[in-house]
Amino acid sequence: MQVDLSRNYFELFDLPVGFAVDQEGLSLRYRELQRIAHPDRFAAGSDQERRMAVQFASYVNEGFRTLKDPLSRARYLLEQRGIALDEADTRMDPAFLMEQMELREQLESLKGRDDPFGALERLRSDIEKRDRILLEELAAALDHGGDEMQGESVQQVRKLQFLRKLLEEIEDVEEALTHEI
């Protein structure tokens with residue numbers, strides 16, 4: 001089995017490099033690569049062949065997860081362009097941070113409301129709308145913006161991370177409310 005792990009995920013899945021990804025094409029190619037490289041096909045092979053099959057299957061799975069998720073794909077695109085996101089760098093637009101604090105306060109105040117599930121759904125809908133808008137802006141910056149948009153792309157990725165974390169917290173609160181009933 002010949003395995004080239006030096007190809008980027010876009011090359012691996014025969015996709016053009018960019019934020020916009022043909023999800024159906026990605027899924028079809030993923031299934032094809034899984035069939036080709038599934039470790040069970042190499043069970044009777046040499047130790048090296050089995051090891052390579054496992055390594056390649058892992059590479060294919062990681063590539064699929066990365067390209068399927070918009071946030072992971074954006075981070076990967078930035079990395080491919082030589083821009084590593086520094087997790088220790090917490091600089092953020094003050095207005096955005098204030099919005100995040102207000103949204104978190106809304107989330108915290110849900111438990112005492114008459115209709116916490118309705119309020120939770122309205123909050124989720126608002127955050128999902130913000131998420132969609134931010135994804136559209138990020139797509140434009142990554143696919144059509146030049147080098148001058150890379151800094152903006154980094155900020156948008158950070159904002160998306162905040163929104164995704166807040167959506168996870170909403171799921172947790174919803175689960176807790178469900179168990180209280």
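Author: Let's start with the surface: the protein chain exposes about 10,900 Å², and carbon and sulfur atoms supply 49% of that area. Keep in mind that this is a predicted model.

Reader: Okay, and how many of the residues count as buried?

Author: Of the 181 residues in the protein chain, 40% count as buried.

Reader: What secondary structure does the chain have?

Author: You'll find seven helices and zero strands. Starting at the N terminus, the elements read α-α-α-α-α-α-α.

Reader: How does the radius of gyration of the chain sit against that of a compact globule?

Author: For 181 residues, a compact globule would come out near 16 Å, but this protein chain has 21 Å.

Reader: What about contacts between residues at least 6 apart in sequence: what share joins residues at least 24 apart?

Author: Among those contacts in the protein chain, the share is 72%.

Reader: And the charges: how many positive and negative side chains are there?

Author: The protein chain has 25 positive and 39 negative ones, and the centres of the two sets lie 3 Å apart.

Reader: Now the rings. What describes a pair of aromatic rings?

Author: Two things: the distance of the centres and the angle of the planes. In this structure, a search of the whole model finds six aromatic pairs. Take Tyr9 and Tyr76: their centres are 4.6 Å apart with 20° between the planes, and the pair is stacked.

Reader: Where in the chain do Tyr9 and Tyr76 sit?

Author: Tyr9 is in helix α1 (residues 9-12) and Tyr76 is in helix α4 (residues 70-80), so this pair links distant parts of the chain, 67 residues apart. Both Tyr9 and Tyr76 are buried.

Reader: Why is the pair of Phe96 and Phe162 called edge-to-face?

Author: Look at the angle: the planes of Phe96 and Phe162 stand at 90°, with the ring centres 5.8 Å apart, so the pair is edge-to-face. Phe96 belongs to helix α5 (residues 94-108) and Phe162 to helix α7 (residues 150-180), so the pair ties together parts that are 66 residues apart in sequence.

Reader: Are Phe96 and Phe162 buried or partly exposed?

Author: One of each! Phe96 has 8% relative accessibility, so it counts as buried. Phe162 has 30%, so Phe162 counts as partly exposed.

Reader: Which residues do ring pairs link into a cluster?

Author: That cluster is made of Tyr9, Phe10, Phe56, Tyr59 and Tyr76.

Methods. Residues are numbered from 1 along each chain as its sequence is written. This is a predicted model: local features need pLDDT of at least 70, side-chain atom pairs count only at pLDDT 80 or more; totals for chains, interfaces and linings use all residues. Side-chain values use heavy atoms; hydrogens and water are left out. Helices (H or I, at least four residues) and strands (E, at least two) are DSSP runs, numbered from the N terminus. The radius of gyration is taken over C-alpha atoms; the globule rule is 2.2 Å times the number of residues to the power 0.38. Buried means under 20% relative accessible area, exposed over 50%, partly exposed in between (1.4 Å probe, protein chains only). Contact means heavy atoms within 4.5 Å. Accessible areas come from the Shrake-Rupley method with a 1.4 Å probe; for residues, only the protein chains shown count as cover. Lys and Arg count as positive and Asp and Glu as negative; His and the chain ends are not counted. The place of a charge is taken as NZ of Lys, CZ of Arg, CG of Asp or CD of Glu. Rings of Phe, Tyr and Trp (its six-membered ring) pair if their centres lie within 6.5 Å; planes under 30 degrees apart count as stacked, over 60 as edge-to-face and the rest as tilted.
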